[in-house]
Amino acid sequence: MCGIVGIVGNQNVAGLLYDGLTVLQHRGQDAAGIATADGTRLRVHKGNGLARDVFDAKTMSVLEGRVGIGHCRYPTAGSEGMDEAQPFYVNSPYGIALAHNGNLINTEALRQQVFEADRRNINTDSDSEVLLNVFAYELDAQRMLTPEAVMRAVAGVHRRCKGGYAVVSVVLGLGLVAFRDPHGIRPLVLGKREHADGNTEYAVASESTALDILGFQRVRDVQPGEALVITARGDLFAEQCAAPQEHTPCIFEYVYFARPDSMLDNVSVHKARMRMGIKLGEKILRLRPDHDIDTVIPIPDTSRDAALEISNVLGVKYREGFVKNRYVGRTFIMPGQGERVKSVRRKLNPIHLEFRNRVVLLVDDSIVRGTTSQQIVQMARDAGARKVYLASAAPPVRHPNIYGIDMPAADELVANGRSIEEIEKLLGCDWLIYQDLEDLEMAVREGNLDLKTFDSSCFDGNYVTGIDPGYFERIQQMRSDEAKRKRRAMS
């Protein structure tokens, strides 16, 4: 998962892009980069680490231009090193920089096409560089640089690229280009800022909260398969560039990744999580109307909205029972099991008074590997809890996510091939309850009834794009802890 932002402004936009990246930093803490266009010159600076570590006053002063894009990354399989930091850049045609959130699932076939048929070279293992070169080739084939030519090029990208992707790009001599995959799996939001002198600035970002912080008004979501061209003069062009497909936004954005103050596909993430809590609380009452729960405690931060509503439905106390160290990254994307275990203990510390002699219901947004949950359940016991129940606001994660979330290989998912009772025993809790998938989808859909379906593939194994033979075997090799350990040893 990554964060992207693109801006066409009235003056240098590097500072705005930097601020946008800091707001999107929850989507990736591994690397950051900015590209800006000033006339016929493109400037790029990127590196590993948080935005605050990658950029300083000197580098920011060099990033001149009124058009630019920014990217923050967490390390998906095959995109973990310095060379894979984004934006990527090619000088032909025109000069193009591109940043991408998501994952292509036909990368290897595209890589071969790009080299053999398009006669373009790929220097990294990143699918984003492949996507950039497909776009560059399709644009070059138009033999002109106009918004209409860009729309035809994006249509070519949609025909060739398979997966989930949201893209921002700077094209020298034109301006900003943004587009979203035909299924709308990955989010992308358009905003604008109007000035008293009549000038209008535009921005696109992974989440609306970035627009809020930058002072842009949210206009709408970029539609599935739609492309936007915003010229350096501030003219906006929009066109549908793919055949109509079923709109299937990633439901895990609402469960975990997006900030609660974001609006995605006209759904408030905050309210969706509240509804998840209501539905899970109602399920708890159906299964255990005479429950003995004393306290509902969220596992910070993402589960707070759901936990508060569960406590309201159950009529029991809501308490903050863990203090979080905010300088430790998200644990399910840690590169190794040992690092994850150590990270959990660095990340959370219990408030013993909230656990002592109580039956506590811990609420988490989801359970992926189970490593974190196992450690937290034991923390609650060590803090003096009489019983520890665990509730997940999402259903069991039984399948890998292939559209941009680096969930592990299937055999590393705690729910894969196990019953609820087996997972309960493995995690060490006295009772484990999961959200039903139908309730989860309804919790999101109630915010926008036009959303009929979702990418819920990590829960139900239904992949809207289809899967080529051997694909899961390949990602098993890439995403396993052992594969990541070997790549680190070789780097």
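This is a predicted model: local features need pLDDT of at least 70, side-chain atom pairs count only at pLDDT 80 or more; totals for chains, interfaces and linings use all residues.
Residues are numbered from 1 along each chain as its sequence is written, and side-chain values rest on heavy atoms, with hydrogens and water left out.

The secondary structure comprises 17 helices and 22 strands, taken as DSSP runs (helices, H or I, at least four residues; strands, E, at least two) and numbered from the N terminus. The radius of gyration of the protein, 23 Å, is close to the 23 Å given by the globule rule for 491 residues, so the protein is as compact as a globular protein of that length; the radius is taken over C-alpha atoms, and the rule is 2.2 Å times the number of residues to the power 0.38. The C-alpha trace spans about 70 × 55 × 45 Å along its principal axes. Of the 491 residues, 61% are buried (under 20% relative accessible area, with a 1.4 Å probe and protein chains only).

Six strands form an open sheet in the order E5-E6-E7-E8-E12-E13, with antiparallel pairing; pairing requires at least two DSSP bridges between two strands. Strands E5 (88-90) and E13 (236-240) are the edges, each pairing on one side only. From one strand to the next the twist averages 20°. Helix H6 (residues 147-160) packs on this sheet and touches E7, E8, E12 and E13, its direction making about 30° with that of E8; axes are lines fitted to C-alpha atoms, for helices over the stretch in contact, and angles run from 0 to 180 degrees between N-to-C directions. Strands E12 (residues 226-231) and E13 are joined by 5 bridges, and Ile230 lies opposite Leu236 of E13.

Glu138, in helix H5 (residues 127-140), is buried, with a relative accessible area of 11%. Beyond its neighbours within four places in sequence, Glu138 contacts Ala153, Gly156, Val157, Arg159 and Arg160 (heavy atoms within 4.5 Å).

Strand E16 (residues 295-298) is covered on both faces, with Thr295 and Ile297 buried on one side and Val296 and Pro298 on the other. E16 runs parallel to E17 (residues 317-318), with 2 bridges, and Thr295 has Lys317 as its bridge partner. The chain passes from E16 to E17 through helix H10 (residues 304-314) in a right-handed β-α-β crossover, that is, clockwise from the first strand over the helix to the second with the strands pointing away from the viewer. E16 is also parallel to E20 (residues 359-364), through 4 bridges, where Val296 stands opposite Leu361.

Notes: Buried means under 20% relative accessible area, exposed over 50%, partly exposed in between (1.4 Å probe, protein chains only).
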